[in-house]
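Subject: Structure handover and findings

Hello,

The structure is below, and my notes on it follow. Please read them with the model open.

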Amino acid sequence: MASLDRVKVLVLGDSGVGMSSLVHLLCQNQVLGNPSWTVGCSVDVRVHDYREGTPEEKTYYIELWDVGGSVGSASSVKSTRTVFYNSVNGIILVHDLTNKKSSQNLYRWSQEALSKDSSPTGIIVSNGDREQFSENSVPLLLIGTKYDQIPENKRNDVLARTAFLSEDFNAEEINMDCTNPRYLAAGTSNAVKLSRFFDKVIEKRYFTRDPGQMQSFTDRRRFNFKSLHSD
């Protein structure tokens, strides 16, 4: 690949929500034919034009780190997983719209990853079940998968629930089917949200004077994490 500036974006969520399919679609613009479980971490790259169509337009690489595992893993597994959380510039939180538990676990996933951040994120507990994240130092994006599998008579209830997530995380939301590229087609509201998120990640990394976000990325590129899948 040519030498372009890059940012690191974590893709987090419960096993089975479709993170591998999502990352493949984002980076290859193709549906993943035979998804399998990710063990450890799988990294893929998307080319993104920052502030496309403006005088400030510039091309960047977006590294998408698909981190496998379960938020309820043993402490030893979580400790091993934290190596992937270093120098994070953005986080995509993925949940299965047909699985309420996967949505609830996003709070735990975000806390696990953001606890590695050198700058506190300001977590506000609003009630016994929900928490709100204000003034995040790391940009967040919510993506709900398997939208096509929600029965028509339940979609309004599900979308109302995801609206609470968006409010709690102070993040935009995209609800989609990872097996259908049209959900991210150019010009759609989802594509606009995605582009806006990546622009924000790049701005935080390269145009904001924040010591916690300005760590050198070049040294860490020497570590190559392979995509490992179970048979």
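Helices (H or I, at least four residues) and strands (E, at least two) are DSSP runs, numbered from the N terminus. On that basis Asn 29 sits in the loop between H1 and E2. Asn 29 is not a glycine, yet its phi is positive, at about 55°. Because its relative accessibility is 58%, Asn 29 counts as exposed; the classes are buried under 20% relative accessible area, exposed over 50% and partly exposed in between (1.4 Å probe, protein chains only). Asn 170 also has a positive phi of about 55° without being a glycine. Its place is the loop between helix H5 (155-169) and strand E8 (172-175).

Before the rest, the ground rules. This is a predicted model, in which local features need pLDDT of at least 70 and side-chain atom pairs count only at pLDDT 80 or more, while totals for chains, interfaces and linings use all residues. Residues are numbered from 1 along each chain as its sequence is written, and side-chain values use heavy atoms, with hydrogens and water left out.

Overall

The protein has six helices and nine strands. Of its 231 residues, 45% are buried. Contact means heavy atoms within 4.5 Å. Among the contacts with a separation of 6 or more, 69% are between residues 24 or more positions apart.

Pockets

The pockets come from a 1 Å grid over the protein atoms alone: a cavity is a set of points where a 1.4 Å probe fits but cannot get out, whereas a pocket is an open set with protein on both sides within 12 Å along at least five of seven lines, and lining residues have an atom within 4 Å of a point. Grid points are joined across faces, edges and corners, and a volume is the space filled by probe spheres set on the points.

The largest pocket has a volume of about 440 Å³. It is lined by 21 residues, and Arg 46, Leu 184, Ala 186, Ala 191 and Leu 194 are the closest to its centre. Helix H1 (19-28), strand E2 (38-50) and helix H6 (189-206) are the elements that each give two or more residues to this lining. H6 has the largest share, with five residues. By class, the lining of the largest pocket has eleven nonpolar, five polar and five charged residues; Ala, Val, Leu, Ile, Met, Phe, Trp, Tyr, Cys and Pro count as nonpolar, Asp, Glu, Lys and Arg as charged, and the others, Gly among them, as polar.

Ala 191, one of the residues closest to the centre of the largest pocket, lies in helix H6. Its relative accessible area is 17%, so Ala 191 is buried. Leaving aside neighbours within four places in sequence, Ala 191 is in contact with Leu 184, Ala 185 and Ala 186.

The lining of the second largest pocket divides into five nonpolar, twelve polar and five charged residues.

Thr 145

Val 17 turns up again beside Thr 145: the backbone oxygen of Val 17 lies 2.6 Å from a polar atom of the Thr 145 side chain. Thr 145 is in strand E7 (residues 140-145), and it counts as buried because its relative accessibility is 1%. Apart from neighbours within four places in sequence, Thr 145 is in contact with Val 17, Val 94, His 95, Asp 96, Leu 97, Met 176 and Cys 178.

Aromatic pairs

Rings of Phe, Tyr and Trp (its six-membered ring) pair if their centres lie within 6.5 Å; planes under 30 degrees apart count as stacked, over 60 as edge-to-face and the rest as tilted. The structure holds six such pairs. The Tyr 60 and Tyr 206 rings have centres 5.4 Å apart and planes at 40°, so this pair is tilted. It links distant parts of the chain, 146 residues apart, with Tyr 60 in strand E3 (residues 58-67) and Tyr 206 in helix H6. Tyr 60 is buried because its relative accessibility is 1%, whereas Tyr 206, at 24%, counts as partly exposed. Phe 197 and Phe 198 also form a tilted pair, 5.5 Å centre to centre with 50° between the planes, and both are buried. One aromatic cluster is made up of Tyr 50, Tyr 60, Tyr 206 and Phe 207.

Regards

Key
A polar contact is a pair of N or O atoms within 3.5 Å; within protein, one must be able to donate a hydrogen and the other to accept it, and residues adjacent in sequence count only if both atoms are side-chain atoms.
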